[in-house]
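Please look over the model shown here before reading on. The notes after it are arranged by topic, so that each can be checked against the coordinates.

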Amino acid sequence: MLADLVKAGKLPPVDQRLPVTPKIANEMPASQLKPEIGQYGGFIRTLTPSVGQDTDVFVLCNEPLINTPGILGEEVTPNICEAYEVSPDQKTFTFKLRKGLKWSDGASVTTEDVRYAFEDVLQNPELTKAFPLWLRTASKFDGQPAKATIIDDVTFKLDFAEPYGGFLLVLAVQSWRNYAEFLKPSAYLKKFHKKYAKPEELDAAMKAENVTEWVGLYTLKDRSFLGGGFANKQLLGMPTLHPWVIKTVTPQLTTFERNPYYFKVDAAGNQLPYIDTIQSFYVADVEVIDLKNMAGECDFARSNPKLIKLPLYKENEAKGGYKMRLGRLHATVIDVFLNLTYKDETWRKVVQDKRFRQALNMAIDRAEIIDTIWYGYAKPSTIIPGKLDIAGANKLLDEMGLDKKDADGFRLGPDGKTFVVPFETGAQRADQIPTLELLVAFWKKIGIKTTVKKIDGSLWSQRIAAGEHQATIFWSHTPLWYMGDLGQPYWATLWQQWWTSGGKQGEEPPADVKAFFTKISQISAVPPEQGRKAYDEVRKMMNDNIYYLVPVENMMQPMLANVKLANVSDSEDVFAIGSNFSGEQFFYKK
Amino acid sequence: MAGYIGRRVLQIIPLLFALSIIIFIVIQLPPGDYLTMYMQQLRNVGAAVSESEIANLTQLYALDRPIYEQYYRWITNILLRGDFGMSFQWNRPVAELVGERLLLTMTISIATLLFTWIVSLPIGIYSATHQYSLGDYALTFIGFIGISLPGFLIALVIMYSVFAVTGTAITGLFSPQFIAAPWSWAKIEDALKHVWLPMVIVGLSGTASLIRTMRAMMLDELQQQYVTTARARGVKERKLLFKYPVRLALNPMISTIGWLLPTIVSGEALVSIVLNMPTTGPMLLQSLLAQDMYLAGSILLITSTLTVIGTLLSDILLAWLDPRIRFGAVAEEA
């Protein structure tokens with residue numbers, strides 16, 4: 001596809017498009033994928049049920065400054081940058097960009113782009129109302145913002161006031177971090193920045209977008225299409241470093257074309273990606289998405305396929321011309337949270353008692369959850385292990401003083417009324433409500449009344465944010481140690497608010513929770529090896545205190561890919577999302 | 001007649017004003033706004049939410065202003081400049097987005113409407129003239145299936161059956177290669193290949209009720225004395241049928257034109273969603289879910305305006321067609 005453009009003189013030859021030292025793709029660790037040398041051409045079709053967002057494309061295109069193969073967090077390698085260095089005190093991080101690296105429009109990537117991002121965007125009070133947490137020391141709310149110093153054309157360093165050893169993994173993968181917050185195509189964006197643009201040109205651009213203030217215009221222009229906004233025509237023409245660049249935007253179809261200046265090569269030195277175009281189709285109904293998946297109208301699907309449909313996917317493999325693989329989920333997705341900070345004395349008295357949570361945990365029949373909801377593709381959790389022990393659970397509850405029961409056999413709370421655990425869920429996943437239905441049955445056996453209410457997703461998130469929920473089911477990233485995600489917003493809502501606001505909001509947590517929070521923040525403050533150790537301690541504290549319930553882990557999810565698509569890992573040990581990341585190496589076998 | 005029309009037109013103005021207020025309030029009723037939905041969406045995929053971006057977008061979309069101010073802006077822009085505002089999801093003017101889909105939606109709806117009429121009128125007449133015959137029963141049976149099964153279910157069943165037999169999923173209005181392509185003969189041809197499915201499915205439920213109405217009206221008329229008299233005087237059966245009873249039986253169809261106009265614009269939302277049609281119905285649902293308020297509000301405002309106009313039109317048509325109504329109005333005026 002590109003060779004013709006070069007012949008026509010519209011594009012410089014490939015050696016002038018690649019940086020001096022291109023990156024050899026290593027999205028997947030060698031243990032999970034032995035990449036073959038591919039052939040160019042073809043397209044990948046994806047399906048999405050959301051307007052202006054496609055999770056699969058989001059991950060296919062994502063490029064961090066440094067990366068961790070397979071998103072395992074075991075090894076950190078340079079990605080966009082050519083090399084990096086961490087000072088012994090873990091406070092200074094020096095990065096060297098690749099010489100000759102280019103944006104997708106052919107403009108050079110230099111440290112001017114870093115300077116622009118820090119000085120003209122992050123430090124511009126009009127554009128940045130809140131300095132990003134992750135660029136503050138140890139991701140703390142009161143941490144000093146990073147200080148960027150430009151050393152030469154390709155070298156820059158970031159200084160933090162305190163050690164921030166986990167910064168590398170924060171950059172590599174936390175929140176699927178992209179480069180966009182600290183590396184911006186300055187030559188292009190200056191056209192929309194008040195400080196650089198000519199007033200009349202700025203006015204014309206504002207008029208074209210029908211906005212009245214330059215901040216509005218800038219907000220529309222400087223957005224990564226990864227940020228959930230690729231339906232926006234304003235993003236056409238925005239230079240990027242992604243393997244594919246957004247090309248057309250229509251309500252039904254968004255297309256992406258290969259970036260001729262992409263900085264990665266395969267082991268033989270061929271420029272990646274192999275695939276020419278990506279077509280993301282908007283399909284409103286999730287059932288129809290599955291129908292199209294099975295009809296082979298999709299070449300790669302990770303985010304949509306559901307385990308519950310596994311037999312159907314398998315049955316139609318030949319007909320649809322795809323191959324179903326199983327990969328690990330990168331989160332535990334049916335975690336059970338009781339809001340320990342809900343404002344009700346009786347509730348707090350009961351749920352803050354560790355014995356109560358212990359009893360609930362003991363009453364969960366993990367084998368049944370694994371069989372009925374996961375078809376065997378999950379394992380009992382190790383972070384909160386537990387043996388089914390109804391008698392033991394009953395004994396604990398009796399000891400707590402919850403020994404009186406109502407006419408239906410449900411235990412009464414300290415206030416003399418039937419004690420109820422009322423679950424509210426936004427039903428973000430299809431397996432949440434079936435899990436809750438099982439819990440209702442499990443806990444009935446120990447005399448705990450449990451109710452389930454499905455509410456609108458946005459109402460759910462509002463109630464969570466305000467701590468108005470008593471119990472809910474959601475996911476947390478317990479398999480990814482570097483995320484530091486232990487469901488704090490769901491079980492410790494007000495305590496978490498106190499913690500992140502420096503005591504201005506929420507409520508002061510008790511000593512054990514404070515110690516727990518401190519340990520979590522250490523994960524990202526120290527270098528990876530020590531971070532892992534800190535995480536082991538966090539797990540132990542979780543285990544001791546059972547802050548929330550994690551019934552099962554190691555859940556699998558189906559992933560569908562065109563049967564001819566090569567370089568997709570067959571290992572069942574991969575995180576499915578890790579395969580998704582390695583898209584630039586996908587190619588079609590002839 | 002002119003006075004009658006004039007009065008009816010004047011009545012519309014306060015009605016539309018009230019409608020616009022109600023629509024705006026109802027859209028604001030669900031908790032949160034577009035940006036809370038947007039943040040939720042980002043969190044669900046595990047991506048970071050940039051507080052500054054949210055703050056800037058809040059300002060850009062004027063979501064921090066009081067509701068009456070937002071309403072005032074919206075309605076004055078519509079009235080003075082014909083500007084329906086911006087869609088947050090697409091960052092494009094609402095008029096452009098709706099306009100894109102309107103032509104397609106109307107084409108499909110009108111085709112469906114014609115299909116409904118062409119099928120149901122002859123069947124209705126046949127069922128009435130051949131009451132309780134085998135044909136009547138068979139057609140009634142099919143009609144009842146159309147009434148009792150929801151369209152989206154029929155759509156799913158047909159789609160799955162076609163998939164099970166041929167291995168292809170019949171959805172959408174265009175084949176993939178034509179979706180982003182400019183209009184051409186090939187594209188129209190491609191659309192024609194796809195359009196029959198929504199036409200038949202949506203048409204089926206409409207057909208059923210029309211057949212029933214037509215049959216009932218015809219049966220009423222056929223028992224009238226003038227029919228017997230005409231028949232006694234030897235008027236040919238065909239002429240007899242079409243000269244009077246059929247014309248009279250058409251009245252209910254005319255009076256429901258008012259409800260047809262909005263459905264022509266909004267399309268059959270559920271079926272369109274299942275069939276993945278690029279029409280306004282799915283767009284309305286999506287905008288409501290995402291709290292894309294100007295898009296949702298404008299679609300609702302357009303459809304309700306059309307309902308109002310449609311009702312007016314059918315009243316006028318009826319008055320023109322049926323002297324009893326016309327004279328009734330005159331008598332009232334006098």
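The model is predicted, and every value below is computed from it. Chain A and chain B touch through 49 residues of chain A and 47 residues of chain B, and the largest nonpolar core holds 222 residues. Chain A also contains an open sheet of four strands and an open sheet of three strands.

**Contact between chain A and chain B**

- On the side of chain A that touches chain B, the elements that give two or more residues are α3 (55-61), α8 (214-221), β10 (253-258), α9 (286-294) and α17 (457-466) of chain A.
- Among these elements, α17(A) gives the most to that side, with five residues.
- Sorted by class, the side of chain A that touches chain B has 22 polar residues, 18 nonpolar residues and nine charged residues.

**Chain B as a whole**

- Chain B has 18 helices and two strands, and its C-alpha atoms fill a box of roughly 85 × 65 × 35 Å when this is taken along the principal axes.
- Of the 334 residues in chain B, 34% are buried.
- Among the contacts in chain B with a separation of 6 or more, 71% are between residues 24 or more positions apart.

**The four-stranded sheet of chain A**

- The strands of this open sheet follow the order β2-β12-β10-β9 (chain A), and their pairing is mixed.
- β2 (43-48) and β9 (244-249) of chain A are the edge strands, each of which pairs on one side only, and neighbouring strands of the sheet are turned by 25 degrees against each other on average, with direction ignored.
- β9(A) and β10(A) run antiparallel and are joined by five bridges, and a hairpin links β9(A) to β10(A) through three residues.
- β10(A) also pairs with β12(A), in the antiparallel sense and over five bridges.
- Phe256(A) in β10(A) is the bridge partner of Ile246(A), and Phe256(A) also stands opposite Ile278(A) in β12(A).

**The three-stranded sheet of chain A**

- This open sheet has the strand order β13-β21-β14 (chain A), with antiparallel pairing.
- β13 (300-301) and β14 (322-328) of chain A stand at the edges with a single partner strand each, so one side of each is left without a neighbour in the sheet.
- β13(A) and β21(A) pair in the antiparallel sense over two bridges, and the bridge partner of Phe300(A) in β21(A) is Ala561(A).

**The largest nonpolar core**

- Of the 222 residues in this core, those that touch the most other members are Ala117(A), Phe337(A), Ala359(A), Ala363(A), Trp491(A) and Tyr548(A).
- Helix α9 (residues 185-222) of chain B supplies the largest share of the core, with ten residues.
- Ala359(A), when its neighbours within four places in sequence are left aside, is in contact with Ala393(A), Leu396(A), Leu397(A) and Ile446(A).

**Backbone details in loops of chain A**

- Most residues other than glycine have a negative phi, and most peptide bonds are trans.
- A cis peptide bond joins Leu272(A) and Pro273(A), with omega at about -10 degrees, and Pro273(A) lies in the loop between β11 (264-265) and β12 (277-282) of chain A.
- Asn554(A), although it is not a glycine, has a positive phi of about 55 degrees, and its place is in the loop between β20 (552-553) and β21 (556-562) of chain A.
- Asn567(A) counts as buried because 24 other C-beta atoms lie within 10 Å.

Technical notes:
Residues are numbered from 1 along each chain as its sequence is written. Chains are lettered from A and ligands numbered from 1 in the order in which they are written. This is a predicted model: local features need pLDDT of at least 70, side-chain atom pairs count only at pLDDT 80 or more; totals for chains, interfaces and linings use all residues. Two residues are in contact if their C-beta atoms, placed from the backbone, lie within 7 Å. Ala, Val, Leu, Ile, Met, Phe, Trp, Tyr, Cys and Pro count as nonpolar, Asp, Glu, Lys and Arg as charged, and the others, Gly among them, as polar. A residue is buried if 20 or more other C-beta atoms lie within 10 Å of its own, exposed if 12 or fewer, and partly exposed in between; C-beta atoms are placed from the backbone. Two strands pair if DSSP finds at least two bridges between them. Axes are lines fitted to C-alpha atoms, for helices over the stretch in contact, and angles run from 0 to 180 degrees between N-to-C directions. A nonpolar core is a set of buried Ala, Val, Leu, Ile, Met, Phe, Trp, Tyr and Cys residues joined through C-beta atoms within 7 Å.
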